[in-house]
Amino acid sequence: MRLFDRAVVRVLPAVPRSVVRRVAAPYIAGETLDDARRVVRELNAAGIRATVDVLGEDVSRSEEAEAMARAYHDALATIEAEGLDANVSIKLTGLGLELDKALCRTLVEAVVDDGARRGIFVRIDMEDSSTTDDALDLYRALRGSGRDNAGIVLQAALRRTLDDIATLADLRPSVRLCKGIYVEPSAIAFQEREVIRKSFVACLDALVDAGCRVAVATHDEWLLGQTLDRIPRLEAAGYELQMLLGVRVQRGRELVAAGHPLRIYVPYGQQWYEYSLRRLQENPGVAGHVAKDMLGRLVPGR
Ligand SMILES: Cc1cc2nc3c(=O)[nH]c(=O)nc-3n(C[C@H](O)[C@H](O)[C@H](O)COP(=O)(O)OP(=O)(O)OC[C@H]3O[C@@H](n4cnc5c(N)ncnc54)[C@H](O)[C@@H]3O)c2cc1C
């Protein structure tokens, strides 16, 4: 990322929320389930699957976690009723992990069970490294109680991930593999781009060797190349490519045209701010986008 873009990333939290909202608009379906339904329908019409994410994390009251769970039950009901080719992605902190672990587990089990009744898969997103053990423990408990429609995410940036793959291998987990978005200390996570890429490939190979179904979640062309080189091996247990709504849209279409299964992560909800910041921080042209929007506000009619 260029120097100016890096500087803008650092000051992003000081950028007015209204600007963040507008610049991040392509990354979010909208504020309502109906917005998500419309976007998923459009993706499905283009031969693309979706995973629906209700925005919201770090809740501070049990009522908020329960409201989040209700939003997921509504999303599952809509996916089933409309016959959408979609599943859901949940965040444990949004379901109360840091508030009350027992409540979180109860809510997650109910969402996974609702998904199972409707034939819909539920993926547990991975958050920062303070939650990794809890997420893996909960995932193991879900699978141990026969909830096989649950999947997990592993982050190639974390030094522990190869060990986690070895530990989880007996479950033959369905894993979304991604680099990992959270800023972590170097004792916990690799910091250099090339090292993270190498780790990603090593994790991918380890998952394939363990017979896991892998969802390869990246927009990194080099990693996509590594993935495509491994298609025959990935096909054995099943695979899909995953991308985020609004990122490398054209490349996604090309992958679908070439016959690859692609799933797009479709976030929606009123709590769009944290997610938007993370997406903008990864946008290589963030400075230009923010500057253009701010200029547009200063120069009416431009
Ligand atoms: C479907 C999906 C689910 C994910 N789930 C999780 C999760 O549960 N936990 C977690 O920690 N992380 C998750 N991530 C985020 C992931 O960890 C990375 O932070 C993110 O994908 C960027 O890494 P990359 O591999 O795409 O490579 P990068 O090197 O960051 O990106 C490659 C290229 O993609 C383009 N690009 C990437 N992001 C943007 C953007 N915002 N705007 C414009 N262009 C962009 C640029 O051209 C960039 O050079 C998920 C990612 C995806 C695709």
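User: A polar contact is a pair of N or O atoms within 3.5 Å. Which backbone atom makes one with a nitrogen of the ligand?

Analyst: A polar backbone atom of Arg279, at 2.8 Å from a ligand nitrogen. This is a predicted model, where local features need pLDDT of at least 70, side-chain atom pairs need 80 or more, and totals for chains, interfaces and linings use all residues. Residues are numbered from 1 along each chain, and side-chain values use heavy atoms, without hydrogens or water.

User: What about Tyr27 and Ile181?

Analyst: Tyr27 puts a polar side-chain atom 2.7 Å from a ligand nitrogen. Ile181 uses a backbone N or O atom, 2.9 Å from a ligand oxygen.

User: How much of the ligand does the protein cover?

Analyst: It covers 86% of the 940 Å² of accessible area that the ligand has on its own (Shrake-Rupley, 1.4 Å probe).

User: Who's around it, and which are closest?

Analyst: 26 residues surround the ligand (a heavy atom within 4 Å). Tyr27, Gly180, Thr218, His219 and Glu282 are the closest.

User: Which element gives the most?

Analyst: S7, with 3 residues. Strands are DSSP runs of E, at least two residues; helices are H or I, at least four.

User: Switching topic. How are the rings of Tyr265 and Tyr275 arranged?

Analyst: Their centres are 6.3 Å apart and their planes at 10 degrees, so the pair is stacked (centres within 6.5 Å, planes under 30 degrees). Tyr265 is in strand S8, residues 262-268, and Tyr275 is in helix H12, 10 residues apart.

Definitions and conventions
A polar contact is a pair of N or O atoms within 3.5 Å; within protein, one must be able to donate a hydrogen and the other to accept it, and residues adjacent in sequence count only if both atoms are side-chain atoms. Rings of Phe, Tyr and Trp (its six-membered ring) pair if their centres lie within 6.5 Å; planes under 30 degrees apart count as stacked, over 60 as edge-to-face and the rest as tilted.
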